[in-house]
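Could you walk me through this model in the viewer, one selection at a time? I would like to know what to pick next and what is there.

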Amino acid sequence: MDLLLLILLSLAAALLGGLYLLGAFRQRRPGEPPLDKGPIPWLGHVLEFRRDTNKFLERMRKKHGDVFTIQLGGFYFTFLQDPLSFGAFTQESREKLDFVIFAKQLVRQVFGFIDTIKDDLKILHAASNKHLKGEGLKVLTEAMMSNLQNVMLHKLGSDSDRMSWNEDSLFMYSYNVVFRAGYLALFGNEPPSEGGEEEAKEKDRVESQDLFSEFRKYDQLFPDLAYGVLLPRERWEAERLKSHFWKALSVQKMKTKENINGWIRDLKQTKEESGMEESMIDRYMFVLLWASQGNTGPSSFWVLLFLMKHPDAMAAVKEEVDDLLRQSGQSVQPGGPLVDLTSEMLLKTPILDSIVEETLRLTAAPLLTRGVKVDMTIKMADGRQYAIRKGDRMGMFPYRVLHLDPEIHPDPQSFKYDRFLNPDGTRKTDFYKGGTKLKFATMPWGGGVSMCPGRFFAVNELKQFVFLMLVYFEFELKNPDEEIPQIDHKRWGFGSMQPIRDVPFRYRFRY
Ligand code: HEM
């Protein structure tokens, strides 16, 4: 009898423990945000969240207001959705809100990279400050231009290629060009051998093309990989692709390259000096390839598409680019030297800047996350305060409540090329909500400690690509009435959005 009682008690304890772990007993405490545990124990709202993050968070905001705690896959996430209070999230100290725990988990799950270095983030920031800003940025931008010229303009020589229309799909075309040139600018070129410089350039084109086609396969698996819901066949394919990249970007392979950018070189070297195994450094190189190439290509597609859909924007930017070219004393001539958009010229493009910013407003939708390290209080701009528990997570999704807020950006769904321009043509930076000026009118790069360190380079890449397209090519949609395709809902939260379908277009050399 005693034994039976003991067994029953143990079972009851196990059941209660299980329910506790599933979060069944969590109750909202005084001072905490509204709590919504969702329909499924432990999983909470994860299915609806994954189906359409943007729509789900909007539903929660309408139900609970601009701060709420939801359960997602065993974690309690408090979302802060008031743009005036974003600073409470992005500027909070790292002792309270930690970006690293989260990032480390993701790169381990998605890229197989396990970090063993203590001050990894500091090292990344130091290398980024040196090579993705100031003088370093100039060097990288120049490398980008020469690789764009190689990838985009190598057919310029032949007359038949010059005159005929090329038909292509805009997303794949833009992503391909920007990925390949960006990859070559960072990870280096094939050195010239007996075949000379032309042969080396041809090798760069072939190698970067192969890498892009494998990258694109990984890219398509990425959202399900990040959520850990790949089918067995897809998991196998993801493993194959990872091994492919580790080899293609390996430390040994790098020894055969020249012009490797300082950002990659320094980051590789610090890992080596810290005693990290070479095979792990190979994996890190894939993380860097992903971070640097996964967003800019998709964004370049949206820029060109919006230009083709908005003749006023196209006319204005063409005029800006043509003026700039004239002022720089350059012109496009068949057989003449290739045209360059120098770092100085990049500073004189307010219209193009506004177009890039407007494009990112409509199509960049990162989800920012932090781990809560201590019991803490979040202070909202209007004076409200909320208690947040240690061990929870915090999240912010600025797309819906900042990028698409009609009070901040009137007629928010429309592309307006001059939205970020003052009447005198200078950059517009003052945007308001409830009479208060916002620190950031958009947040495509995230914010605070994890803000994208590649943002200046990314903008330069986009501008260089658009510049070369405008200067060298005529391009148009195959169907002038083409609708702008919808954003792929599976990718909300992952940075630059992708369309659910591609868009046919054609292009040919202008001269
Ligand atoms: C349109 C292009 C780009 C977009 C929209 C973008 C967006 C972002 C966002 C939102 C984050 C923060 C993620 C978070 O807080 O969890 C981020 C991080 C990062 N980005 Fe970018 N990015 C772009 C291009 C680039 C480029 C070109 C590079 C490198 C050359 C780069 C390197 C990185 C790195 C290394 C991080 C991680 C930062 C850290 O861990 O502190 N990005 N990016």
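Begin with helices H15 and H18, which are roughly perpendicular to each other (the term covers angles of 65 to 115 degrees; under 35 is roughly parallel, over 145 roughly antiparallel, and the rest oblique). Select residues 296–309 for H15 and 350–363 for H18: their axes come within 9 Å and cross at roughly 115°. Axes here are lines fitted to C-alpha atoms, for helices over the stretch in contact, with angles from 0 to 180 degrees between N-to-C directions. Helices (H or I, at least four residues) and strands (E, at least two) are DSSP runs numbered from the N terminus.

Before going further, please note that this is a predicted model, in which local features need pLDDT of at least 70 and side-chain atom pairs count only at pLDDT 80 or more, while totals for chains, interfaces and linings use all residues. Residues are numbered from 1 along each chain as its sequence is written.

**Stop 1**

On H15, the contact is made by Ser-299, Trp-302, Val-303 and Phe-306, and on H18 by Ile-355, Val-356, Thr-359, Leu-360 and Thr-363. Residues are in contact if their C-beta atoms, placed from the backbone, lie within 7 Å. Six of these contact residues are nonpolar, three are polar and none is charged. In this count, Ala, Val, Leu, Ile, Met, Phe, Trp, Tyr, Cys and Pro are nonpolar, Asp, Glu, Lys and Arg are charged, and the others, Gly among them, are polar.

**Stop 2: the six-stranded sheet**

Next, colour the open sheet with strand order E1-E2-E3-E9-E6-E4, where the pairing is mixed. Strands pair if DSSP finds at least two bridges between them. E1 and E4 (97–98) are the edge strands, each pairing on one side only. Zoom in on E1 and E2 (residues 67–72), a parallel pair with two bridges; Leu-35 has Thr-69 as its bridge partner in E2.

H3 (residues 53–64) lies across E1, E2 and E3 (75–80), running at about 130° to E2. H5 (residues 100–111) also packs on the sheet, where it touches E4 and E6 (368–372), and its direction makes about 115° with that of E6.

**Stop 3: the three-stranded sheet**

Move on to the open sheet E5-E13-E12, which is antiparallel. E5 (166–169) and E12 (473–477) each have a single partner strand, so one side of each is left without a neighbour in the sheet. From one strand to the next, the twist averages 25°. Four bridges join E5 to E13 (residues 504–509), and Glu-167 is partnered there by Arg-506.

**Stop 4: a hairpin**

Select E7 (residues 376–379) and E8 (residues 385–388), which pair antiparallel over four bridges. Thr-377 is bridged to Ala-387 in E8. Five residues lie between the strands of this hairpin, where Gly-383 takes a positive phi near 100°.

**Stop 5: two loop residues**

Which residue other than glycine has a positive phi near 65°? Pick Trp-42, whose phi has that value, in the loop between E1 (35–36) and H2 (46–51). Trp-42 counts as partly exposed because 18 C-beta neighbours lie inside 10 Å (20 or more other C-beta atoms within 10 Å make a residue buried, 12 or fewer exposed, and in between partly exposed, with C-beta atoms placed from the backbone).

Finish at Asn-259, with a positive phi near 60°, in the loop between H12 (251–254) and H13 (262–273). Asn-259 is partly exposed too, with 16 other C-beta atoms within 10 Å.

Notes:
Two residues are in contact if their C-beta atoms, placed from the backbone, lie within 7 Å.
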